[in-house]
Amino acid sequence: VEYISLNNYPYQESITSISFNIINNQETNILFAFQNWFTNNLYLSGRLLPIKENNDLYLNHSLNLGYGFNFDRKYFKNLILNFGYNKMRYNAQIQNHKNISLGQIFLVKVKDVWLEFSYNFLDMDEKNAYQTAFNITTKLQESFFIKCGLKHNYYDSNQSTTSFLGFGYSL
């Protein structure tokens with residue numbers, strides 16, 4: 001649950017982007033991501049996250065399709081609905097770990113800073129999970145982004161908070 005992410009680069013800033021995020025939870029991991037806006041309101045993104053745990057290496061990957069509603073307001077710019085398929089592979093202890101996610105992302109722009117609020121519902125086999133997140137994104141140069149954020153996971157009676165620092169490049 002900790003490894004599923006809904007971070008997004010708005011189409012106003014980048015049509016196609018690649019990024020990597022340094023995730024800090026029990027261990028430090030690096031998530032690789034790709035995102036492409038086909039139109040100003042339809043995107044496809046993918047994520048790969050290799051995870052090393054107890055001398056075992058496994059892979060979490062996801063594919064997301066999003067539809068954005070764009071607003072020409074002073075601050076509120078986008079509402080994005082996201083549909084995702086997430087799967088963990090090559091873990092001997094978890095045989096069939098996959099789920100579908102449904103998310104909402106709210107994007108607000110204040111000067112040159114994007115504020116992102118998201119909610120994600122994960123339809124899992126045993127019990128469902130929920131995530132809330134807050135991210136801040138800004139441009140470093142014309143094609144480079146920096147992003148940081150916090151994500152809170154609710155799974156059964158367990159809760160956890162994950163922080164990350166991300167770097168993106170607009171192609």
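## Salt bridges around Glu13

Let's start with a charged pair: Lys139 and Glu13 join their side chains in a salt bridge, with N and O 3.3 Å apart. Lys139 sits in strand E8 (residues 129-139) and Glu13 in the segment before E1, so this pair ties together parts that are 126 residues apart in sequence. A salt bridge here is a side-chain nitrogen of Lys or Arg within 4 Å of a carboxyl oxygen of Asp or Glu. Strands (E, at least two residues) and helices (H or I, at least four) are DSSP runs, numbered from the N terminus. This is a predicted model, so local features need pLDDT of at least 70 and side-chain atom pairs count only at pLDDT 80 or more, while totals for chains, interfaces and linings use all residues. Residues are numbered from 1 along each chain as its sequence is written, and side-chain values use heavy atoms, with hydrogens and water left out.

Glu13 also meets Lys109 in a salt bridge, at 3.2 Å from N to O. Lys109 belongs to strand E6 (residues 97-110) and Glu13 to the segment before strand E1 (16-24), so that pair ties together parts that are 96 residues apart in sequence. Glu13 counts as buried, at 18% relative accessibility; Lys109 is partly exposed at 21%, and Lys139 is partly exposed at 29%. The cut-offs are under 20% relative accessible area for buried, over 50% for exposed and partly exposed in between (1.4 Å probe, protein chains only). Glu13, Lys109, Lys139 and Glu142 are linked in a network of salt bridges.

## One more pair, and the tally

Lys147 forms a salt bridge with Glu116, their closest N and O atoms being 3.2 Å apart. This pair links distant parts of the chain, with Lys147 in strand E9 (residues 144-155) and Glu116 in strand E7 (residues 113-123), 31 residues apart. Lys147 and Glu116 are both buried. The salt-bridge count comes to four.

## The barrel

Now for the fold: 10 strands close into a barrel, in the order E1-E2-E3-E4-E5-E6-E7-E8-E9-E10, with antiparallel pairing. Neighbouring strands of this sheet are turned by 20 degrees against each other on average, direction ignored. That angle uses axes that are lines fitted to C-alpha atoms (for helices, over the stretch in contact), on a scale from 0 to 180 degrees between N-to-C directions.

Two strands pair if DSSP finds at least two bridges between them; E3 and strand E4 (residues 56-70) have 12, in the antiparallel sense.

Ser45 is found in strand E3 (residues 42-53) and stands opposite Asn64 in E4. Ser45 is buried, with 2% relative accessibility. Leaving aside neighbours within four places in sequence, Ser45 is in contact (heavy atoms within 4.5 Å) with Phe34, Gln35, Ser62, Leu63 and Asn64.

Lys111, in the loop between E6 and E7, has phi near 55 degrees, a positive value in a residue other than glycine. Lys111 is exposed, with a relative accessible area of 76%.

## Nonpolar cores

The largest nonpolar core has eight residues: Ile23, Leu31, Ala33, Leu49, Ile51, Tyr58, Met88 and Phe164. Strand E2 (28-37) and E3 are the elements that give two or more residues to this core. A second, separate core of six residues includes Trp37, Tyr43, Ile80 and Leu107. A nonpolar core is a set of buried Ala, Val, Leu, Ile, Met, Phe, Trp, Tyr and Cys residues joined through side-chain atoms within 4.5 Å.
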